[in-house]
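Subject: Structure handover

Hi,

Here is the structure I promised you. Have a look at it first, then read my notes below.

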Amino acid sequence: MQNIIEEIIFNFSNNKSLYLGENVTIADHMLQTAMLAEKNKSSDNLVCASLLHDYGHFLVEDPDKLVDEKIDGEHESIGANYLRKFFPDTIIEPILLHVEAKRFLARDLSYFKLLSEASVISLKLQGGPMSDDEIKQFKSKPYHQEAIKLRRFDEGAKNPKVRLKKIKEYKELLISKLK
Ligand SMILES: [Fe+2]
């Protein structure tokens, strides 16, 4: 099972593509999300989920193309379904729900205003803010609160000036969370 750890480290280390319309790479964005989770004294599971939340973007061929063509790549389910073989629900479910969490939070105007331009565009593709029924369903899901926390770190993790940790610094944590 250690292979997945090597694969994760390889993908992070070799990722050069910018995160959909932002000024940071996908890898840097995820590292920064994990660092924010740590700064906010999150559980190890949430740090790990934050670190891997956009892993699906590594698995689709050209994420930028999807945005250009206005297609929702459903990166959250691609990433979660792939990683489910290796990591437990405590990590996978917040990853799976982090886009729903964005749609949940987007009902609140003060949150909506925080969204970057690219994030507003993808929100539209993802279905826009949730309806009342969707809110009810979302709140009934285990791990929805972790997903909301993850989503808040996610939103704040697009700063190109932050000094980042290296993916290798998370190796032990990743190994400790393997199924
Ligand atoms: Fe993200």
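Start with Lys41. Lys41 sits in the loop between helix 2 and helix 3. Helices here are DSSP runs of H or I with at least four residues, strands are runs of E with at least two, and both are numbered from the N terminus. Two notes on the source. This is a predicted model, where local features need pLDDT of at least 70, side-chain atom pairs count only at pLDDT 80 or more, and totals for chains, interfaces and linings use all residues. Residues are numbered from 1 along each chain as its sequence is written.

Back to Lys41. Its phi is near 55°, a positive value in a residue other than glycine. Lys41 counts as exposed because it has 8 C-beta neighbours inside 10 Å. The cut-offs: 20 or more other C-beta atoms within 10 Å of a residue's own means buried, 12 or fewer means exposed, and in between is partly exposed, with C-beta atoms placed from the backbone.

Next, the loop between helix 10 and helix 11. Tyr143 is found there. Phi of Tyr143 is near 75°, again positive in a residue other than glycine. Tyr143 is buried, because 21 other C-beta atoms lie within 10 Å. Pro142 lies in the loop between helix 10 (132-139) and helix 11. Pro142 is exposed, with 10 other C-beta atoms within 10 Å. The C-alpha atoms of Pro142 and Asp89 are 9.8 Å apart, although 53 residues separate them along the chain.

Last, helix 2 against helix 11. Their axes come within 8 Å and cross at roughly 125°. Axes are lines fitted to C-alpha atoms, for helices over the stretch in contact, and angles run from 0 to 180 degrees between N-to-C directions. The two helices are therefore oblique to each other. Under 35 degrees is roughly parallel, over 145 roughly antiparallel, 65 to 115 roughly perpendicular, and the rest oblique. Thr33, Leu36 and Ala37 of helix 2 make the contact with Phe153, Asp154 and Gly156 of helix 11.

Best wishes

Methods: Contact = placed C-beta atoms within 7 Å.
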